[in-house]
Amino acid sequence: MNRTAEVDALLRHVADAFRATLHATLDGDRDGAREVADGTGGRRGLADAAHAMLTARRWVPAPQLERERAFVDGVDRIGELVEDLAAAVADGALHALTPTAQLELTVLLDVGDRRLRQLIDGAVTPEAHATYRGCAAALIDIAGHSAGDPTGDPALRTASASVTARCSLLAAALLVAGRQAAAA
């Protein structure tokens, strides 16, 4: 994929929102989460600009263009999920988390940030292949943890299950975007 300024701007915006939201969730920072949730229009504008740029590239073969559009859609989907999590934190719906949910968030923050940096850096080189695959394995593990924490206070279980489910969706979206980037 030939990375353009529009796609790069969208990817960097989503990566910044990802880090800010997961930190805000871990810290219970409703104001920090609200800032991300309020940035929805910015992400949508960047996604629209990326799609417009792709549409303007009439010389690109249709199959290649579809793969590039799918990648932009995948990055946009990550942004939607991040903003959904940020909105839940900002509304106070996820104010108390179990240690298991906190660990899940911490691991997702690390692994998801690595995957987003890999996507920003571009194509996977043979030297980075093992790191890329290791990151994918960790994301697969997180994506499979949708059951939540069955112990403790019911209010904590509800908030933690919601966070765990959102972590699972984010991990799956990061995996899909990685596949789309490789295909594009």
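Of the 52 residues in the largest nonpolar core, the ones that touch the most other members are Phe18, Leu22, Ile78, Leu108, Leu139 and Leu170, where such a core is a set of buried Ala, Val, Leu, Ile, Met, Phe, Trp, Tyr and Cys residues joined through side-chain atoms within 4.5 Å, and buried means under 20% relative accessible area with a 1.4 Å probe and protein chains only. At least two residues of this core come from each of helix H1 (5–27), H2, helix H3 (40–56), H4, helix H5 (99–121), helix H6 (129–143) and H7, helices being DSSP runs of H or I with at least four residues, numbered from the N terminus. H4 gives the largest share of the core, 12 residues.

This is a predicted model, in which local features need pLDDT of at least 70 and side-chain atom pairs count only at pLDDT 80 or more, while totals for chains, interfaces and linings use all residues. Residues are numbered from 1 along each chain as its sequence is written, and side-chain values use heavy atoms, with hydrogens and water left out.

The axes of H1 and H3 come within 8 Å and cross at roughly 155°, the axes being lines fitted to C-alpha atoms over the stretch in contact, with angles from 0 to 180 degrees between N-to-C directions. That makes H1 roughly antiparallel to H3, a term for angles over 145 degrees. On the H1 side the contact is made by Glu6, Val7, Ala9, Leu10, His13 and Val14, and on the H3 side by Gly42, Arg43, Leu46, Ala47, Ala49, Ala50 and Met53.

For helix H2 (residues 30–38) and helix H4 (residues 62–90), the axes come within 8 Å and cross at roughly 140°.

Finally, Gln180 lies in helix H7 (residues 154–183) and is buried, with a relative accessible area of 18%. Leaving aside neighbours within four places in sequence, Gln180 is in contact with Arg67, Ala70, Phe71 and Gly74.

Terms used: Buried means under 20% relative accessible area, exposed over 50%, partly exposed in between (1.4 Å probe, protein chains only). Contact means heavy atoms within 4.5 Å. Angles under 35 degrees count as roughly parallel, over 145 as roughly antiparallel, 65 to 115 as roughly perpendicular and the rest as oblique.
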